[in-house]
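Student: Before we discuss this model, I would like each label tied to the rule behind it. Please show the structure and then take me through the terms.

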Amino acid sequence: MLRLLGFMLGAVALFPALAAAQDRAIILKASTVLDGKGQIIHDTVIVIEGSKISRIGGEVPAGAITYDLTGLTVTPGWIDTHSHILWHFDNGRLAGKNEPPLQAMLHAVDNAVRTLNAGFTTIQSPGAPDDKYLRDAIARGVIPGPQIRTSLEPLSEESGTPDKIRELVRERKQQGADFIKIFASKSIREGGAQTMTDAQIQAACGEAKSLGLRVLVHAHSTASAKAATLAGCTAIEHGAYLTDDVFDLMAQNGTYYDPNIGLVLQNYLANKEKFLGIDNYNEEGFAFMEKDVEIVRDTFQKALKHKDLKIVYGTDAVAGAHGRNYEEFIARVNAGQDPMEALESATSISAESMGMQDQIGSIAPGMEANIVAFDGNPVEDASAARRAIFVMKGGRVYENLARGSEGPQRNK
Amino acid sequence: MLRGARFRDMRAWNRKGAQDDEKPSKHSSMLRILKTAVIAAVAVAAAWANAQDRPVVIAASTLFDGKGQAFHNTRVVVQGGKILRVDPNAEPITYDLRGFTVLPGWIDTHVHINDHFGPNGRAQDSKETPAQAVLAGATDAFVTLMAGFTTVQSVGQPGDVPLRDAITRGEIPGPRILTAARPLDERGPAAGTPEQIREYVRQVKAEGADLIKIFATTTLLEGGKVTLSQEQLDAACDEAKKQGLRTLVHAYGPGIRPTTLAGCTQIEHGTLGTDDDLRLMAERGVYFDPQAGFVIENYVANKDRYIGSGNDTEERFARIAKILPLDHDIFQRAIATPHLKVVFGTDAVAGAAGRNAEEFIDRVRDCGQDRMAAMVSANSLAAESMRLESEIGSIAPGLQADIIALDGDPLQDITAVRNVVFVMKGGVVYKNVARGAIPRYAGVEP
């Protein structure tokens, strides 16, 4: 019976008083490694020094600190390109601005911990001004949570003239935004029609590009997605009603596509009474969402046929969804996406879409030691994605549960 | 699971504005106190109940039971978040902790869990936002848990309450927190008349306090002079008893006797206390929590972060450093006093969270406390001081599965307390790292 051990087996002399942990190499012994770029490596070791992967394979230094991950499936830490990390329920309802900041931020920490425990070591939050506090606290390397990239406050058609929008983009950069988020269309539950003018979209994406910032565009309709693609925006989010010609255009322009077919709508529907009556979460909207589950799935299947289209992994996680970010993977595989490609989408392709392909999203020398191990193989059995039992981020082990634990206990 | 009407009744007492039974009749008051204490413990236990069902087996070559005994080559079976039994033949092993020292999660009876240095790196930061303060508190809670402390008593501030509740809901990784919510900081007449003090006790209970914190003397640097009258102390500790709450009282030497006579539960610090004071506490069953040095060391090590804030100056820090021998003295005399229950408390303030185990080292190395006694003072004895001995503080059937493991044997080398490789709380594994790879967090190095 395999055991997940925290130390080397056998009669080994006790180690002397410890130097700082990060001074010594850590070895992950693995029987199956999915490198995030489509490769499978069997029976190897991953050597970690400090916060980075230094090499794969080769000699194991005598007396190395070892985690035995044989029998598990090791992958790079997963990435969620669209997670509203602060959203949460309070007293059974979607929490709003009236909640004391004290409490809201505690819920946010909870979301962050659950997300990390599910194997997601990096997320993009599109976004809210208070994201930065959580981002910065986690970046200090103490409190557990994924690395966060945030857009801070998003822009929309109400942000003003094209010139005003350019000014706001500059302001976001000054405020420390990692990327820009714009709403170019209505929500899915309102039908998704274009809201920002083409000129507004061009202003946002043009200015952002000149400042070296990426732009994520909420766009459901073909018109809004086309406008965003032609304006040089980085990624189209959601895109429930997109068609083949739009996908062709996106593929040609290198625009990323972020469909959300497995978690956001299902989570809304499962938690309907917690949202109903707040803002535009009304019966009509929920009726729309019921129908949209199939619509977005069909659109996704259409997108899959475009081999040059780069699909990233975003869930649009809101209150109730954090920690179940893996459901998107399962839905995409069930909808027909090749499981290895689905994994690449959640790792190296998402990393590339964020301009971070040299740091995260694959297991290779020089990359951040963001490594997850699943009890089971998600590429052979998609439901294994629910069972991350080992989570390392930046070379630190945040989660190390015994086999058979059925995944992060606190996410139940 | 102990949920149900009884649990709901208990929680109702903690909600603001709840109707309290303020004037119980004389005959039933004792029974009420007992009943209240039991219900309080039950409610705490109910809040801590965990839904995990599959049995988990922890193998240990060395196991401390929390009551002073060490066992070898045995296994602990955990189910539903609780310890089911200790059974050397339990199979299969889920967590193999052989080669480590396995013991109950530690309890720190005196922390300030939300105290932290602000974004400006200092103890006072007027620019810190509420969000940053909350994140700092949550970070303190996390490193405290990582350091092997699965329960802390925070005395405390109002921000402790939402942090406690978030942790109880099973969200944030942190220790179980008992909090005094809003200590009665004022001294002398400013603390109020006896009737006002009684009202304070009832009020802070409604605000969610698990215990009452009051100050019977000035600080040591100001002479440790008594600041509350006997009537004020009597009112505080009597009303607390009526409300089913314990009292933690800051008291230097001169304050020990009046505090003990007032029937308070536990005395903190006690420096300059006489042998008679110590004997009186032992006689009356008052718990004693003297600090052997970590709090001072933390202040001195971080003085640049404190200087300029409030009272703190270079000169004051020079005087603080001179307190150390006095603290050693009271501690040594305390552990030499028969029947005096000396519990473990650090008075951890900003800069100390996650380094709570340093106090063990000070108590053993500098004051000669027996190593196993030091462990017990943070296990079953601390639990008993909190009236939670049937919930935490030892490895025994029915108790919460709060279990930690150290790389090294603290009975041979007390500094092994710095090397926590495994932390389980309520049956959930929060830390399980390889020997040699214990994470050291910036600002939390030993």
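Tutor: We can begin with a helix and its partners. The buried residues of H5(A) pack against helix H4 (198-210), strand E12 (215-219), strand E13 (235-238) and helix H6 (244-253) of chain A. Helices (H or I, at least four residues) and strands (E, at least two) are DSSP runs, numbered from the N terminus. This is a predicted model, in which local features need pLDDT of at least 70 and side-chain atom pairs count only at pLDDT 80 or more, while totals for chains, interfaces and linings use all residues. Residues are numbered from 1 along each chain as its sequence is written, and chains are lettered from A and ligands numbered from 1 in the order in which they are written.

Student: Which residues of helix H5 of chain A are buried?

Tutor: In H5, residues 222-230 of chain A, they are A:Ser224, A:Ala225, A:Lys226, A:Ala227, A:Ala228 and A:Thr229.

Student: What makes B:Arg176 count as buried?

Tutor: A residue is buried if 20 or more other C-beta atoms, placed from the backbone, lie within 10 Å of its own, exposed if 12 or fewer, and partly exposed in between. B:Arg176 has 26 C-beta neighbours inside 10 Å, so it counts as buried. B:Arg176 belongs to strand E8 (residues 176-179) of chain B.

Student: What about A:Leu152, buried or exposed?

Tutor: A:Leu152 has 23 other C-beta atoms within 10 Å and is therefore buried. Its phi is also positive, near 55°. A:Leu152 sits in the loop between strand E10 (147-150) and helix H3 (162-175) of chain A. Most residues other than glycine have a negative phi, and most peptide bonds are trans.

Student: Where is there a cis peptide bond?

Tutor: One runs from A:Pro126 to A:Gly127, with omega near -15°. Another joins B:Val155 and B:Gly156, where omega is about -15°.

Student: Which residues are in contact with A:Ala228?

Tutor: Two residues are in contact if their C-beta atoms, placed from the backbone, lie within 7 Å. Leaving aside neighbours within four places in sequence, the partners of A:Ala228 include A:Ala184, A:Ile201 and A:Cys233.

Student: How do you know that the buried residues of H12(B) line one face of the helix?

Tutor: The buried residues of H12(B) are B:Asp327, B:Ile330, B:Phe331, B:Ala334 and B:Ile335. Seen down the helix axis, they fall within an arc of 125° (taken over the directions from the axis to the C-beta atoms), so they line one face. Among the elements they pack against are helix H8 (275-284) and helix H13 (358-366) of chain B.

Student: How many residues does each chain give to the contact between them?

Tutor: Chain B gives 41 residues and chain A gives 38. On the chain B side, H3(B) supplies the largest share, nine residues.

Student: What is the mean pLDDT of chain B?

Tutor: The mean is 90, and 88% of the residues of chain B reach 70 or more. pLDDT is the predictor's confidence in each residue, from 0 to 100. Over residues 1-25 of chain B the pLDDT is below 50.
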